[in-house]
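Dear colleague,

I am handing over the structure below, and my notes on it follow. Please read them alongside the sequence.

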Amino acid sequence: MPVDSSFAKTLQRALISADSGAVIQIPVGRFSFDRSISLDGIDHVSIIGAGKGKSILTFLGQKDGAEGMLIKANNILLEGFTIEDAEGDALKIQDSEHVVIRNVHTTWTKGAKSTNGGYGIYPVACTNVLVESCEASYASDAGIYVGQSKKVVMRKNIAHHNVAGIEIENSQDVEVYDNLAENNTGGILIFDMPGLPQANGGRVKVYNNISRDNNFENFAPEGGVVSTLPPGTGMLIIAHTDVEVYDNEITGYKTLGLGVISWFFTERPFDTSNGYDPYYKNIYVHDNLFMRKKAIPDLSKEFGQMVNALFIGKPQDIIIDGIFDPEHQDLPTICLTDNGENLRYTNLNAETATGIPDLKKLLDHDMSKLICQGTSFAVEGIEVE
Amino acid sequence: MIISKDLKVQGGCDPAEQYMFMKFIGNQMVGKNYHANEVRWTIFGLLLVLILLSCEQTYPAVHLTDEPFERLSEYHFFKDQLNQLSPNNRVLPYDLITPLFSDYALKSRFVWMPPGKTATVNDVNLLSFPEGTALIKNFYYPRMDSDHMNIVETRLLVKRSNGWDPLTYIWNEAQDEAFLEIAGDFKKITAQDPTGNSFTIDYAIPNKNQCKGCHERSRTVTPVGPTLKNLNRIYDYPEGSMNQLVKWKEVDYLTGYDMSRDTAKLADWSDPSTNVHDRALAYLEVNCGTCHHQEGPANVSGLRLDSHESNLFNLGVNKAPVSAGKGSGGRKYDIVPGKPDESILVYRMQSLEPGAMMPEMGRKLVHKEGVQLIRDWITSMPTTE
């Protein structure tokens, strides 16, 4: 397909001059951009292409701007286009309300490179967001990522060959269902990170997803938390409160099916002055299918090396760090119920451990202590047009 | 002021001067003993109209309309030849103590407010500008082949009834006009840095949304340069040197300013006699803090670079990146005390890659002197080990 470089300015002018209510079409074709394209402050705008792989925006050789497309506006529909090779994040939506992202594909075409942009589809600090039927690949951080947002639904998406397939970070009232995450380093991540304006996430339901064969090399640049993620991770929950994980198929992992850890376990500094809670609470994992891969766990990352050292070449199904908030001993910190037979489960009891020999003495494999029902919570539904 | 043979008024349009002139004419008429009052007042009135019209033809006053002009000259901010940038009446030049680095471009800044209007000091020590205000900023380089300047662009912030409107005018080759461009552009520039090294860059002129991207507080466009503390310096006016805030007060561009109370003064980043901490924070506030501010677009990173920030973690000390992607440069923390070469802050200031560099736009060169300052500052921090 020939590349059209003249459309970039046409589209940018249209997005600057749009009236509220405008429907801006991206025709069939391959269009090159040398700087970020953006919509800022004009509400009720739709940007609609002819479909994934049909309307392609390529940012190869981009000279300016830290993302491919940047949206800061309310009541927005983004549908039916592909964003390729953005210098930074492919599609960033910030400080926006009522956003629908449908049938959008973000990718980097040169394969898994640490110089690829961080995020594919990246709503941050948004409220009422629906991400559906999208595809994200080759992001050097997360393919589909939602951060510091409220009321989010992610469904029917496919994330593959990213470091993290799908990631929920410091977000509240999130439903993640009917998604497929495969061939990423890690399938689905639910993190609470310190030092952010939205200090804590909460109320996340993850169900009916398939997280399979997420054994892809970790090609994230050092620095970000995902750079420590061991290849072969089905799902990882860090320091979150109120997470229900059920009816998922978590399969084909060579290192770990599900990890649940506090921020302490990352051994990274944090600050609680904004109310950040480094512990996980009310994590309810039930009725999932776990099926590990027959393989040597990852040796490239510290966490994988630890799994290898503790369990000598055996992939694990569920590992928790056992670092519980002493102030909230009464809450069910974590419940692991009806997730199948013969699971390799370990509570690391890592609170006092320093080093592998220490850890070995403290391992607890008795999951029956955690058969319980999590405290139920409701996820506030989204409102989009 | 004199009247030439063809009765065209020569001289300034200062109302005081005009008043003196009319009084003079009036006295002349009385002196010549005209007896018919009607005749006297008719002639007086005709002369007044003539003077005002002639004056209009010579130096039209600055005027703004609800819609932006296509040409910079239409605003009449400058008299005589446009590229001399000689300010028209009421167009007041100003300078900042610590400016934003823009690829070593030189800048000349002006402010204009409608007659009878004035800025006020609001409670957070910021300036609140009246409707109709125009902030005018010219970006230029000395020409390598002549003594003239090469003016690249003039950026305006015009305060309309619905808020600040960012406008960029790109100068033509002849340097006699600049034209409105909302979609931005690139211009090949060859010039020299302060150490005499010549460079050639694709200077990036921002599109309208990119202007908004930096001039943003809580999703509202706002000026970021002229704060009380950054204006609090001496300026060499044609009529003599004077503190800018005192001058603004004197010409009624500022009310509510109390010289003994509003003493806050930003450090001069380039003044080696000031301590390195204050200089570094001033530099970071101006170059990074427009976005990395509690209400700025980079607040989602949790990194706050303004000179009031006292929480070291928020300033980046031992703070892991959140969504830096490849911007981390493989480094773990924004600032590692004592170790500039392990600090992400320095990496991103030294980078020229669009997806990794900071600021995200408006820079095609490394600001060597700025980087050195931040390196010195980080080196001066006591190591935490």
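Buried means under 20% relative accessible area, exposed over 50%, and partly exposed in between, with a 1.4 Å probe and protein chains only. The model is predicted, so local features need pLDDT of at least 70 and side-chain atom pairs count only at pLDDT 80 or more, while totals for chains, interfaces and linings use all residues. Residues are numbered from 1 along each chain as its sequence is written, chains are lettered from A in the order in which they are written, and side-chain values use heavy atoms, with hydrogens and water left out.

In chain B, a salt bridge of 2.9 Å, N to O, joins B:Lys229 and B:Glu285. Because B:Lys229 lies in helix α4 (residues 228-231) and B:Glu285 in helix α6 (residues 276-287), this pair ties together parts that are 56 residues apart in sequence; helices here are DSSP runs (H or I, at least four residues), and strands are runs of E of at least two, numbered from the N terminus. B:Lys229 is buried, with a relative accessible area of 11%, and B:Glu285 is buried at 15%.

Finally, A:Ser171 sits in the loop between β17 (164-169) and β18 (172-177) of chain A, where A:Ser171 is buried at 0%.

Key
Salt bridge = Lys/Arg side-chain N within 4 Å of Asp/Glu carboxyl O.
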